[in-house]
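Here's a quick briefing on one protein model. Have a look at the sequence and the fold first, and then we'll walk through a few spots.

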Amino acid sequence: IEIPDVANMTIKEAEAKLKKAGFIVSSKENEQYSDKVEEGNIIKTSPMAGRTAKKGTEIILYVSKGIEGFELENYVGQNYLTVEAILKGKGLIVKNETEEHTESEGIKENVILKQDIEVGKIVKSGDIITFTIPKFIVTYPDFVNEVWKLSEVEEFCKKNNITLITKEKESTTETNGSIVYQSQPVGRKVTDGASLTITIIKKITPPVVDQKDEEDNKKDDKW
């Protein structure tokens, strides 16, 4: 009798088909990992399907345990691109989301900050894991208190595509060329195409008062 093909069937379906064909199904089941056959279904039989055997021959079923998994490591602090390649090679679907940081924080580019599956969990091919990596942003510095020069502000604006507007304020006491006002708050995220207004001191010499005229004015005041 030809042994029927029961691959991809459930155990119950396979037993029914084999018994109907005149075979005995062994109570001993062998389990194997398979990335093609759904967990709990039949991978193959022994003797194999298609062969001929006598009626009453015992048939052993090989049952799928599903895709073989592995224990997830702690990838925080590692390079995302390296980890992505490793995990994709193991069949995982790797995604990422970003978290805003500034370069002054000392965080490395593409470093993994978080992972959404806890360390030690068993994962298998087809599972999705998402990593959080940094997205570097630029924020407005303190042009006033950090004593930036106009040329430095101009360079900053050029580099970050900011429209710079300068205004002057006359003063007899403050340092010429010093920045005393900025329209964008310190620490605000720089956006492409934004505008920035700064006020720069233009130092002027106070008018010289003629001493004789001053004395004459005092006399006039007495009268």
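The charged end of which residue sits over the ring of F70? That's K90, 4.4 Å from the ring's centre. Before going further, note that this is a predicted model, where local features need pLDDT of at least 70, side-chain atom pairs count only at pLDDT 80 or more, and totals for chains, interfaces and linings use all residues. Residues are numbered from 1 along each chain as its sequence is written, and side-chain values use heavy atoms, with hydrogens and water left out.

**Charges over rings**
- A charge sits over a ring if NZ of Lys or CZ of Arg is within 6 Å of the ring centre and within 35 degrees of the ring normal.
- Besides the K90 and F70 case, K44 lies over the face of Y62, at 5.0 Å from the ring centre.

**Strands**
- Helices (H or I, at least four residues) and strands (E, at least two) are DSSP runs, numbered from the N terminus, and two strands pair if DSSP finds at least two bridges between them.
- Strand β10 (residues 179-182) runs antiparallel to β11, joined by three bridges, and here Y181 stands opposite T199.

**The nonpolar core**
- A nonpolar core is a set of buried Ala, Val, Leu, Ile, Met, Phe, Trp, Tyr and Cys residues joined through side-chain atoms within 4.5 Å; buried means under 20% relative accessible area, exposed over 50%, partly exposed in between (1.4 Å probe, protein chains only).
- The largest one has 14 residues, and L72, Y75, L87, I129 and F131 touch the most other members.
- Elements giving two or more residues to this core are α2 (80-89) and β8 (128-137).
- Leaving aside residues up to four places away in sequence, I129 touches L72, L87, L92, I93, V94, K95, D116 and I117 (contact means heavy atoms within 4.5 Å).

**Aromatic rings**
- Rings of Phe, Tyr and Trp (its six-membered ring) pair if their centres lie within 6.5 Å; planes under 30 degrees apart count as stacked, over 60 as edge-to-face and the rest as tilted.
- There are six aromatic pairs by this rule.
- Y140 and F156 have ring centres 6.3 Å apart and planes at 55°, so they count as tilted.
- Y140 is in the loop between β8 and α3 (150-159), while F156 is in helix α3, 16 residues apart.
- W148 also pairs with F156, this time edge-to-face, at 5.9 Å centre to centre and 85° between the planes.
- Y140, F143, W148 and F156 form one aromatic cluster.
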